[in-house]
Amino acid sequence: MFFCEVSRIIVTSDETTGSGPAPLLDLRCIVKVYQTPAGDLFALKDIDLQVYPGEFVAVVGKSGAGKSTLINVITGIDRPTSGEIIIGGTPIHSLKEDQLARWRGKNLGVVFQFFQLLPNLNLIENITIAMDVCNTYPVREHEKRALALLDQVGIAEHGYKVPAKISGGQQQRVAIARALANDPPVIVADEPTGNLDERTAGEIFDLFENLVEQGRTLLVVTHDREIAARATRQVEIADGKLQGIGVRG
Amino acid sequence: MKLRTRWRKIIKDIWGNKTRSLLVILSIAVGVAAIGMINNTMTMLRRDLFGAHSRGNPASVSLYISPFDTDLAGAVEAMREVETVQAHRTLSARLIRADGAPAENITLDIVPGFDKVAINRFSIERGAEIPGIRKILLERCSADGLGIDIGDTIIIETEGKQRYSLTVSGIVHDLYLIPYNILGDATGYVSMDTLRWMGEQAYYSRLDVIVAENEGDREHALAVAAQARDRVIETSGYQVYRIAIPGINSDPGEHWGQSQINGFVLVLQVMSVLAIFLSGGLVVNSISAILSQQIRQIGILRSIGAVRSQLVGMYVANVLVLSVAGLAMGLPLGMLGAWWLTNFAAGYLNFDVTAITPDPTVTILQVAVGLVMPIVVAFFPIVSGTRISVYDAIYQQGLAGDRQEGGIDGLLAKIRNLHPPVMLSLRNTFRKKARLAFTLITLTLAGAMFMSVFSTRASLTGQINQIARYVAFDASLSVTPGLTRASVERTAMRIPGVTVAEGWVSSGGILMRADGSEGDEIQVYGIPYNSVTIDPLLIDGRWLQADDTNGVVINDDFLEHAPETAVGSSITVKIADQNRTYEIVGIVSKHLSGSRVYMTYDTFSKATGRSNQADMVRVRLDADKIGSSAEQKRLAAEIEDRFQDAGMSQSSSQTQDEIFGSFTGPFDIILMVLVIMAGLLAVVGGLSLAGTMGMNVMERTREIGVLRAVGANNQAVRQVVVIEGVVVGLISWLLAVAVSGPAGVALAGAVVYAVFKAPVNFQYSFEGLAIWLVVIVLIGVFSSLAPARSAARLTVREVLDYE
Ligand SMILES: Nc1ncnc2c1ncn2[C@@H]1O[C@H](COP(=O)(O)OP(=O)(O)O)[C@@H](O)[C@H]1O
Ligand SMILES: [Mg+2]
């Protein structure tokens with residue numbers, strides 16, 4: 001049904017066919033089909049997307065366009081039906097569940113729309129748990145590092161509270177701090193401001209800009225075009241298809 | 001060093017679910033404690049009771065012989081088959097209380113040399129080692145029970161109504177007696193010289209024997225005793241009245257209560273295994289709840305890099321923390337229980353506890369059950385619960401929730417017409433099938449066990465009452481040989497109030513084998529065919545008739561040694577040195593006191609040449625019912641006086657009550673503990689139901705919100721939860737009823753066999769069924785009250801916050 005030109009031509013990501021830097025995220029011919037009672041539903045149709053180091057890419061589109069599906073496929077939370085995803089040289093579509101989880105923990109910071117913090121851990125612990133499960137950094141440094149990250153997102157003073165005791169915007173800051181816990185080069189976020197008011201959303205994007213300045217690569221889904229305008233590149237998705245690749249910077 | 005965050009999460013998870021965690025810890029503790037209590041008690045019992053018992057050289061078999069001296073004992077001891085013998089003289093007497101309290105039965109025990117007792121060696125606790133003339137040593141239980149101590153003077157009344165003052169000069173500890181606190185018979189030790197001084201003749205009446213080999217073999221011990229009788233005792237001109245293995249159904253060399261103790265321990269073991277099953281169920285129940293409650297958290301953890309083994313490890317650690325806590329609680333609790341039970345047993349069975357120490361192998365078993373079992377049973381739920389993909393964990397859970405809401409909407413539309421709480425409760429009950437199954441299994445087990453305990457009780461009591469049918473008198477008394485039946489009955493009838501007096505004759509006999517050799521000892525009774533003091537329960541054939549000349553009735557005990565015997569077959573019995581052949585016309589139920597043959601007076605007269613005589617008299621105040629304990633006692637004293645005054649008896653009378661005192665005492669304890677254990681099971685079952693209800697309420701937070709949104713008040717919300725609890729209880733009751741039959745047969749069978757060495761005559765207890773119905777409804781209500789209250793407390797706002 002879909003025909004993908006690059007499919008199976010490029011085998012490894014390290015080799016680049018053209019000039020310039022290699023893409024950090026390289027999606028090739030991604031197709032995602034959901035089996036539904038009403039028949040197959042093509043949520044992603046032949047997605048090709050390259051994101052280069054230091055980019056801040058905003059993925060925009062209407063509700064139901066396939067944004068979340070795209071993000072989930074990139075994070076490995078969901079599997080593409082076909083296609084290849086190479087991130088930082090790792091072909092993540094070929095990793096097993098556990099390998100994927102560990103890889104994601106170390107290389108990809110994920111920020112969810114509904115924050116997804118662990119309710120019975122305090123904010124510091126919500127960050128150190130990420131370092132703990134990935135065995136990064138010595139255990140005694142975990143708390144110091146978590147506090148530093150909380151400081152970076154501006155809520156260090158709440159460190160010993162549980163998530164339910166702080167506001168949604170603050171929770172999302174914690175989620176961002178957690179995403180940074182293992183110092184991943186790439187941060188991926190699905191509607192991180194979807195549950196926040198306009199002002200708070202702006203503050204979250206301020207944080208994202210800071211991260212880009214630090215040299216991280218960001219891929220953020222939003223349906224708010226105004227906010228998306230703050231990214232270095234916008235990518236639009238409609239009905240599972242990319243609507244022409246936007247330009248850098 | 002800082003604790004890793006994931007371990008801190010575990011602690012917070014446990015702390016955050018305080019109630020459920022506590023339930024699991026408690027149930028593990030109960031299982032561990034039960035194992036510790038029972039097995040440590042067993043170990044201490046083996047060391048301090050059975051060990052001490054066998055160190056004192058227990059007798060294999062006792063022979064009751066016509067008056068003999070130590071020469072005869074020596075001759076028996078010289079037999080190759082015999083290892084050791086010990087002669088005893090036992091004399092029944094009355095202990096007259098100075099304070100006017102009723103006289104007590106006391107048995108005076110005389111041995112040839114107090115310092116060289118070879119068999120059933122008692123020990124001197126305090127005071128003199130050898131009773132001097134006009135001195136007596138008292139068994140410590142008797143001394144304690146009677147409040148008598150060294151230096152006190154006691155008055156002994158012999159059967160000839162003569163009274164003698166004896167000074168207590170020492171306290172003896174004798175493990176081989178059924179103690180005073182159980183039997184109500186005191187025991188004292190005097191010298192033969194004292195006995196002579198009391199006007200009694202100096203002779204021995206009982207010979208205890210330890211066989212040289214096959215010490216525990218019942219048949220062998222009886223065979224050796226028969227050989228001693230035939231080759232040594234009777235050839236020397238003495239008569240053997242009775243051969244008996246000491247104890248209540250014990251094997252040779254065993255403690256007198258061994259069978260009862262075994263039965264008791266068996267029941268406790270069954271209960272502890274059950275407690276372990278139940279706590280295992282609770283662990284599974286609880287960990288499943290945590291897992292289902294934490295599906296999203298599992299997804300989050302995976303999304304930030306946790307691998308499967310870490311997740312499994314975390315939840316295993318969760319269970320491990322609970323197990324360690326349960327074990328830490330259960331170990332000392334079990335030791336405490338063992339301390340209590342051992343001391344209780346020591347007081348009851350009259351032995352000394354040397355030390356309360358845990359048995360290392362028991363501790364290992366407890367650790368295995370407390371630590372390993374929970375992890376093993378929780379492993380499958382953990383492995384399958386952590387298998388969920390990140391996608392499903394984070395996204396699908398919400399979808400499932402939405403679907404449930406749809407269901408509720410549909411239901412809410414429907415329940416406008418029906419009684420809402422009932423409808424909702426029923427629907428809830430069946431939603432979480434696995435969890436429901438676990439709760440049901442737990443409650444069903446508890447219920448089935450509870451009912452089985454009651455059936456066991458009914459069967460045991462039934463079995464005991466069956467024996468009572470063969471001693472259907474208020475009092476009975478042995479009379480002087482040679483008296484006529486008519487004079488004996490007449491004398492008895494003259495006692496005011498007596499409406500029934502029957503003279504019975506009896507004789508020892510030997511069952512002859514087909515090859516003409518001598519077989520087992522049996523007891524032969526010549527009785528009125530229409531006797532009122534026996535209420536035979538026929539298991540085959542018919543009872544005696546007036547015109548029976550050759551027909552006899554045997555008891556079921558008879559069949560133990562001659563299983564091929566049946567109604568219609570004939571037996572040859574040697575009575576008064578003559579072989580006689582009889583036809584069996586009927587078989588009656590167990591007596592638990594050896595093989596018996598009942599025949600009419602006439603048949604008996606022909607066999608023995610003793611016509612119209614009586615050996616004992618059995619009396620009743622009322623032909624229709626047995627008198628009360630007090631009435632029996634009064635009558636027994638009266639008949640004893642009358643016959644002694646008339647010179648017609650020198651024996652002590654017996655009441656039906658006394659005969660049963662020794663039987664029922666231990667059973668009462670078994671039954672009491674059974675009921676306590678069943679109650680414990682009910683508690684664990686209730687805890688499990690409470691846990692489940694709590695989980696259900698939590699999961700249904702949103703549903704409750706919807707209920708409230710449509711205007712349900714506190715009362716209605718509580719009702720929904722409580723009805724669900726009761727419905728689960730009732731379902732478990734139905735299942736338990738189904739299981740209680742076979743479970744009851746198994747438990748009652750095991751207990752009865754252990755105690756009586758006889759198959760159970762099973763009686764199902766509908767009483768237990770009814771009681772459990774009440775209990776289960778109460779459990780249903782009470783275990784759902786707390787969850788119901790917390791459900792009613794939820795406000796609509798909290799409900800919306802929940803997701
Ligand atoms: N698990 C699923 N099963 C079936 N269809 C799905 C599933 N998840 C998403 N979809 C469908 O795929 C399409 C894309 O969804 P999604 O990626 O969530 O869109 P967006 O995030 O842009 O709103 C939608 O039509 C949605 O209904
Ligand atoms: Mg989306």
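Q: What is the area buried between chain A and chain B, and how much of it do carbon and sulfur atoms give?
A: In this predicted model, the area is about 2700 Å². Carbon and sulfur atoms give 54% of that area. The value is the accessible area that the two parts lose on being put together, summed over both.

Q: What makes a residue part of this contact, and how many residues does each chain bring?
A: Heavy atoms must lie within 4.5 Å. By that cut-off, 31 residues come from chain A and 26 residues from chain B.

Q: Why is the pair Lys12(B) and Glu125(A) called a salt bridge?
A: The rule asks for a side-chain nitrogen of Lys or Arg within 4 Å of a carboxyl oxygen of Asp or Glu. In this pair the closest N and O atoms are 2.6 Å apart. That is within 4 Å, so the pair counts. Across the interface of chain A and chain B, the rule finds five salt bridges.

Q: Which elements give two or more residues to the side of chain A that touches chain B?
A: They are helix H2 (97–107), helix H3 (123–134) and helix H4 (139–152) of chain A. H3(A) gives the most, with seven residues. The residues of this side divide into 14 nonpolar, seven polar and 10 charged.

Q: Why is strand S19 of chain B called mostly covered?
A: A residue is buried when its relative accessible area is under 20%. Five of the five residues of S19(B), 616–620, are buried. Both faces are covered. Met616(B), Arg618(B) and Arg620(B) lie on one side, and Val617(B) and Val619(B) on the other.

Q: How do you know that S19(B) pairs with strands S11 and S12 of chain B?
A: Pairing needs at least two bridges. S11(B), residues 475–478, has four bridges to S19(B), in the antiparallel sense. S12(B), residues 500–512, is joined to S19(B) by five bridges, also antiparallel. Both therefore pass. Val619(B) is the bridge partner of Ala475(B) and of Ala501(B).

Terms used. Residues are numbered from 1 along each chain as its sequence is written. Chains are lettered from A and ligands numbered from 1 in the order in which they are written. This is a predicted model: local features need pLDDT of at least 70, side-chain atom pairs count only at pLDDT 80 or more; totals for chains, interfaces and linings use all residues. Side-chain values use heavy atoms; hydrogens and water are left out. Buried area is the accessible area (1.4 Å probe) that two parts lose on being put together, summed over both. Ala, Val, Leu, Ile, Met, Phe, Trp, Tyr, Cys and Pro count as nonpolar, Asp, Glu, Lys and Arg as charged, and the others, Gly among them, as polar. Buried means under 20% relative accessible area, exposed over 50%, partly exposed in between (1.4 Å probe, protein chains only).
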